[in-house]
Amino acid sequence: MNLQDNVSVIKGVGEKKKKLLHNMNVDTIDDLLHIFPRKYEDRRNISYIMEAPFDTETLIKGKVTARQMGRNPYRRNNPLKIKIQDESAGLEVIFFNGRYLANYFSIGAEYTFYGKISLNNGKRQMIHPEFHRLGDKDDIRGILPVYPLTEGITQANMRKLQREAIAAADYTGEWLPDTIVARHNLCSPSYALKNIHFPIDERNIREARFRMIFEELLILETGLSYIKKGASERSGGVRIEEHISVDEFIASLPFELTDGQKKVWQEIQSDLASPKAMNRLVQGDVGSGKTVVAQLAMYKTVKSGYQAVMMAPTELLAKQHYNSMKKDFEPLGLKVDLLCSSLKSKEKQQVIQDLETGETDILVGTHAIIQPDVSFKNLGIVITDEQHRFGVQQRNILAEKGDHPNILVMTATPIPRTLAVILYGDLDISIIDTKPHGRLPIKTYLRYEASRKDIYDFVSEKIREGRQAYVVAPLIEDSDSINCHSAQWVYEWLKKKYPDINTGLVHGGMKQDEKDRVMEDFAAGKIDLLVATVVIEVGIDVANATVMVIENSERFGLAQLHQLRGRVGRGIHQSYCILLSGSEGKIAEERNKILCSSDDGFVIAEEDLKMRGPGEIFGTRQHGLPELNISDLVRHGEILEAAKKESESILNEDAMLESEKYKVLRTKIKKMFGENIRLNL
């Protein structure tokens, strides 16, 4: 059995199991061996029944003294009860719907059972444990792996498959240079595979896991560093001469640029003047003024004779950018157009025609921009807003509409720099770390259900003063299984309690044009109080809105709460965010208190990462980042840094990974990245 053999060579793997394994991205023996245990069960020591702790996974051994099926064989959940005895005490083992097991247990025979013992009316019980007849080949002792599974494959199936496949680990030779192995004290790959699946003790697990984590992060970092190196060395990009002035645009602004904006603009100007195409991510907390920096880049590009395009994730956000840029740019002689799916066919054709002839200087739009029939006369810069809403491929498609245009990516989702380097490995990173002058900090409070009336009386008071407010709920409609208030319930409750307030409702279940109409009415001041789901997380900017109430705030992640809070505090008036929690649980309270104590999105993002991990927050697939089998980008930060240094040294030595020394690394990078990110290896 070889590593590249199909899993079907394993005894017992027919077409059905082969298909199930394929669903787990397992096609070869090597793929199977790289499905790593998520945890381990210690089954080395048998406990006496009397001494076994309650509600803890325990291995016990006992003799069957009696067995009994429920009286009615046709009754649902008809239980099979087995009485077990060891030297210390007795135990009742229960299997619901257990008729199929009735003949397996023989009176007087000994078995092992692995499960949790509970106390029920003074009687020790174990419900649905794993079991084996003493001495059977399946009666496995030791440290047992627990694997991630797919429906149709059990832990017993997976362990059996891994036991069959593990012999192929002997064919895994060392593929890392001796210097790296020695520097990081790495065990061999064959040792790692054998001991990560079937360890003898904890030391074996630590050694094996370290090797596999380091190896995976080295492959990831070398791939990302290769992409970034290729992007930075790419010549033939659109070059914008330094002498092209933006003073006229800056003078037209009704405010002064912040120090953070000026710093990032200098970084962008240096990129634009370079013969290599810009590839830059601009991170900025909510309300930090990223759009103005993007406008500076667009203005300078257009003044140099090129076109600019900005792609936004929603039609509402695209329209807001369009209206803002039309107002800012057209007095300066620049033509701005909008392209989105709601435009009539004739309007779309006119926009496309004006792009091709070069009459349009700046195009703002949604995914409609990346359609095949959209082309530019002379595209100089591509900007994507709220990049976390787009995939890497969408950004690439847009960039290919020009001849190596400059690329600027913007996100208001604060990402700690370490993680940003991973998620956006092909981009240089800039951070706007200041807020516009005159913005007051948002006052944030944590309250519970008993304060509901006081909270909404406060909201009503602010509306009477001429302000507007948001209320965000986690669900569209009430649910029997989830105990929280829905947007529909809150909307109806508010309409009844405060009939004098003009209240609107918007949620993801509404048609796009209906959502846009409600949000446009709110932006125009026709609606005073907007009840919504998280559809307003991005893409709505109403300076007059000063209160945000988040119902059942325990249902939201920290970063999402911060994003929602950022919908207020955009004008000159004091703004407020009230977290109305329906739970006093420890995690919910900790999350809410972090938000109340900080308005720094990057601090909040760090805490969110610690609590939830990157996969859950960002959804690695949408970034084009490969799925990781064993590494955790937050918990394994030190190993990540070490792997990054090694990857840089490797590419400095062999930029294309062409030498025999790095042949296997090259193959592993291509396999890891697949189609997610384009590699020219």
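Asn-25 counts as exposed at 57% relative accessibility, where exposed means over 50% relative accessible area, buried under 20% and partly exposed in between (1.4 Å probe, protein chains only). Asn-25 also has a positive phi of about 65° although it is not a glycine. Keep in mind that this is a predicted model, so local features need pLDDT of at least 70 and side-chain atom pairs count only at pLDDT 80 or more, while totals for chains, interfaces and linings use all residues. Residues are numbered from 1 along each chain as its sequence is written, and side-chain values use heavy atoms, with hydrogens and water left out.

**Two loop residues with positive phi**
- Asn-25 sits in the loop between helix H1 (15-22) and helix H2 (29-33); helices (H or I, at least four residues) and strands (E, at least two) are DSSP runs, numbered from the N terminus.
- Leu-657, a residue other than glycine, has a positive phi near 55°.
- You'll find Leu-657 in the loop between helix H21 (637-653) and helix H22 (663-673).
- Leu-657 counts as buried, at 1% relative accessibility.

- Thr-301 belongs to helix H9 (residues 290-303) and is buried, with a relative accessible area of 0%.
- Leaving out residues up to four places away in sequence, Thr-301 touches Ile-240, Tyr-306, Gln-307, Gly-380 and Ile-381 (contact means heavy atoms within 4.5 Å).
- Lys-497 is part of helix H15 (residues 487-497) and is exposed, at 53% relative accessible area.
- From Lys-497 to Asp-457 is 40 residues in sequence and 9.9 Å in space, C-alpha to C-alpha.

**H10 against H16**
- Helix H10 (residues 315-329) and helix H16 (residues 512-523) have axes that come within 10 Å and cross at roughly 45°; axes are lines fitted to C-alpha atoms, for helices over the stretch in contact, and angles run from 0 to 180 degrees between N-to-C directions.
- That makes H10 oblique to H16 (under 35 degrees is roughly parallel, over 145 roughly antiparallel, 65 to 115 roughly perpendicular and the rest oblique).
- On the H10 side the contact uses Glu-315, Leu-316 and Lys-319, and on the H16 side Asp-516, Met-519 and Glu-520.

**The whole protein**
- There are 22 helices and 21 strands in the protein.
- Buried residues make up 53% of its 681 residues.
- Among contacts with a separation of 6 or more, 73% join residues 24 or more positions apart.
- The protein exposes about 31800 Å², with carbon and sulfur atoms supplying 47% of it (Shrake-Rupley method with a 1.4 Å probe; for residues, only the protein chains shown count as cover).
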